[in-house]
Amino acid sequence: MTISIAQRLLDLNITLPKAAAPAAAYVMYVRTGHTLYLSGHIAKQGGQPWVGKLGKDMNTEEGRQAARAVAIDLMATLSAACDGDLTRVKRIVKLVSLVNSTPDFTEHHLVTNGASELLVEVFGDAGKHARSAFGVAAIPLGACVEIEMVAEIA
């Protein structure tokens, strides 16, 4: 028996928020053919940027939680792009993760797992994706993590 995406979200106690609006001169997603490109989403906590620098004032587990929060916001935008129907998602193709970190922090991949693992929990095999994770000196508004996504939709 196949469990629906809506049921998986419910089981994980996740309610998708309203899709975010762009904060500058861009759009939240662009569709070309069956490919959907989602703009980078920053980590938020309580509706505000989740500020911090990994390796300085945040540890890897806190970063994982921030990346997980980004994945929830990305799914909200994905849902909006699919007219509220996440069953149209055929595959999460790729994530690009930027981690605000000190030069000696080396666990960007473990931070990004917070997003990657949640996407697999929600979408099953269709949530398995290619990925890049980078450490950067700063992210807009001081956010600790920013992630963009590419998805294939029906």
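I began with Val27, which lies in the loop between α1 (5-11) and β1 (29-32). Helices (H or I, at least four residues) and strands (E, at least two) are DSSP runs here, numbered from the N terminus. The model is predicted: local features need pLDDT of at least 70, side-chain atom pairs count only at pLDDT 80 or more, and totals for chains, interfaces and linings use all residues. Residues are numbered from 1 along each chain as its sequence is written, and side-chain values use heavy atoms, with hydrogens and water left out.

**Surface patch**

I looked up the exposure of Val27. Val27 counts as partly exposed because its relative accessibility is 47%. The classes are buried under 20% relative accessible area, exposed over 50%, and partly exposed in between (1.4 Å probe, protein chains only).

Val27 forms a nonpolar surface patch with Val30 and Tyr37. Together the three have about 270 Å² of accessible area. The areas come from the Shrake-Rupley method with a 1.4 Å probe, and for residues only the protein chains shown count as cover. Patch members have over 30% relative accessible area and no salt bridge; like charges are joined within 9 Å, nonpolar side chains (Val, Leu, Ile, Met, Phe, Trp, Tyr) within 5 Å.

**Core**

Next I turned inward. In soluble globular proteins, nonpolar side chains tend to be buried together. A nonpolar core is a set of buried Ala, Val, Leu, Ile, Met, Phe, Trp, Tyr and Cys residues joined through side-chain atoms within 4.5 Å.

Which residues of the largest nonpolar core touch the most other members? I noted Leu78, Phe123, Val145 and Met149, out of 39 residues in this core. The elements giving two or more residues to this core are α1, β2 (35-42), α2 (60-81), β5 (89-100), α3 (108-123) and β7 (145-153). Helix α2 supplies the largest share, ten residues.

I then listed the contacts of Phe123, with contact meaning heavy atoms within 4.5 Å. Leaving out residues up to four places away in sequence, Phe123 touches Ile5, Arg8, Met75, Leu78, Leu86, Val89 and Ile92.

Ser97 lies in strand β5. Ser97 counts as buried because its relative accessibility is 0%. What does the side chain of Ser97 make a polar contact with? I found the side chain of Thr112, at 2.7 Å. A polar contact is a pair of N or O atoms within 3.5 Å; within protein, one must be able to donate a hydrogen and the other to accept it, and residues adjacent in sequence count only if both atoms are side-chain atoms. Beyond four places in sequence, Ser97 touches Thr112, Ser132, Ala133, Phe134, Val145, Glu146 and Ile147.

Asn100 is also placed in strand β5. At 5% relative accessible area, Asn100 is buried.

**Backbone**

I checked phi next. Most residues other than glycine have a negative phi. Asn13 has a positive phi of about 60 degrees, although it is not a glycine. Asn13 lies in the loop between α1 and β1 and is exposed, with a relative accessible area of 72%.

Asp83 has a positive phi of about 55 degrees, and it is not a glycine either. I placed Asp83 in the loop between α2 and β5. Asp83 counts as exposed because its relative accessibility is 68%.

**Salt bridges**

How many salt bridges does a search of the whole structure find? I got five. The criterion is a side-chain nitrogen of Lys or Arg within 4 Å of a carboxyl oxygen of Asp or Glu.

Arg64 and Glu117 meet in one, at 3.1 Å, N to O. The pair links distant parts of the chain: Arg64 is in helix α2 and Glu117 in helix α3, 53 residues apart. Arg64 is partly exposed, at 22% relative accessible area. Glu117 is partly exposed too, at 37%.

Asp83 came up again here. Arg88 forms a salt bridge with Asp83, with the closest N and O atoms 3.6 Å apart. Arg88 counts as buried because its relative accessibility is 17%, whereas Asp83 is exposed at 68%.

Lys128 forms a salt bridge with Asp125, with the closest N and O atoms 3.1 Å apart. Lys128 is partly exposed at 43%; Asp125 is exposed at 56%.
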